[in-house]
Structures are given as C-alpha cells and as structure tokens.
Amino acid sequence: PLADVPLRVQGADKVAHLLGYGVLGLLLTFRTALQRPLTPTVVALLLLVLGAYGAADELLQIPVGRDCDLRDWISDLVGGTFGVLTMRLIYPLGFRTDPSDNLK
C-alpha cells in the first residue's frame with residue numbers, strides 16, 4: 001500500500017501492472033516463437049500461463065501483509081494479452097521457428 005506516499009497518482013499502480021505484464025507477455029511470446037509456431041493453441045496456453053502467474057502474484061501478497069486486488073489481476077491480464085497479441089501480430093514478419101534457419 002502506498003498510504004505514506006505524499007503525492008499519489010490515481011490508477012498508477014494499474015498502469016504499472018499493465019506495462020509490466022505487457023512486457024512479460026512480449027518476452028514470453030518471443031521466446032516461445034523461437035521454438036514453435038504461434039498457433040492459436042499456443043497463444044491460448046501463453047495467456048493461461050500469464051493469467052495463472054498474475055493470480056499467484058496477487059495471492060502471494062496476502063502472507064506478507066499486502067493487498068490482493070482483483071483489479072490488479074485484471075490489469076495483469078490486459079497487459080499480458082496485449083503483449084502476447086502484439087508479438088503474435090509481428091511474429092510472421094520475420095521470426096524463424098527452425099533454429100537451423102537462424103544460422104544461415
């Protein structure tokens with residue numbers, strides 16, 4: 001909680017969740033694209049992994065006295081989805097899924 005911070009911007013933590021999970025979604029999808037095609041099934045699995053990771057992230061805050069916030073998790077999902085779908089859109093523009101192709 002940021003109760004002691006003198007100048008708070010409303011919703012700044014949601015933007016931080018959105019951006020953080022957006023980058024995480026991009027990187028996870030990029031890494032996956034290097035090994036296999038980004039089929040709809042793979043994209044769905046990536047989104048499930050990001051959703052589960054975000055939920056675990058929120059739930060694990062409870063034991064250390066922090067707030068578990070559904071809106072934070074929703075921001076995680078939106079950011080992660082944006083990252084995955086952005087990488088999925090640019091994926092056909094030049095990524096090779098066969099590692100031997102990258103040596104040429």
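I began with Arg71, which is exposed, with a relative accessible area of 56% (exposed means over 50%, buried under 20%, partly exposed in between, with a 1.4 Å probe and protein chains only).

I noted that this is a predicted model, where local features need pLDDT of at least 70, side-chain atom pairs count only at pLDDT 80 or more, and totals for chains, interfaces and linings use all residues. Residues are numbered from 1 along each chain as its sequence is written, and side-chain values use heavy atoms, with hydrogens and water left out.

Next I looked up the partner of Arg71: its side chain meets that of Asp69 in a salt bridge, 3.4 Å from N to O (a side-chain nitrogen of Lys or Arg within 4 Å of a carboxyl oxygen of Asp or Glu). Asp69 counts as buried, at 16% relative accessibility. Salt bridges with shared partners join Lys14, Asp69, Arg71 and Asp72 into one network.

I then followed Lys14, which is buried at a relative accessible area of 19%. Asp72 forms a salt bridge with Lys14, and their closest N and O atoms are 2.7 Å apart. Asp72 lies in helix 3 and Lys14 in helix 1, so this pair ties together parts 58 residues apart in sequence (helices are DSSP runs of H or I with at least four residues, numbered from the N terminus). Asp72 is buried too, with a relative accessible area of 7%.

Last, I checked helix 2 (residues 40-59). Its buried residues, Val42, Val43, Leu46, Leu50, Gly51, Gly54 and Glu58, pack against helix 1 and helix 3 (contact means heavy atoms within 4.5 Å).

Conventions
Helix = DSSP H or I, 4+ residues; strand = E, 2+ residues; numbered from the N terminus.
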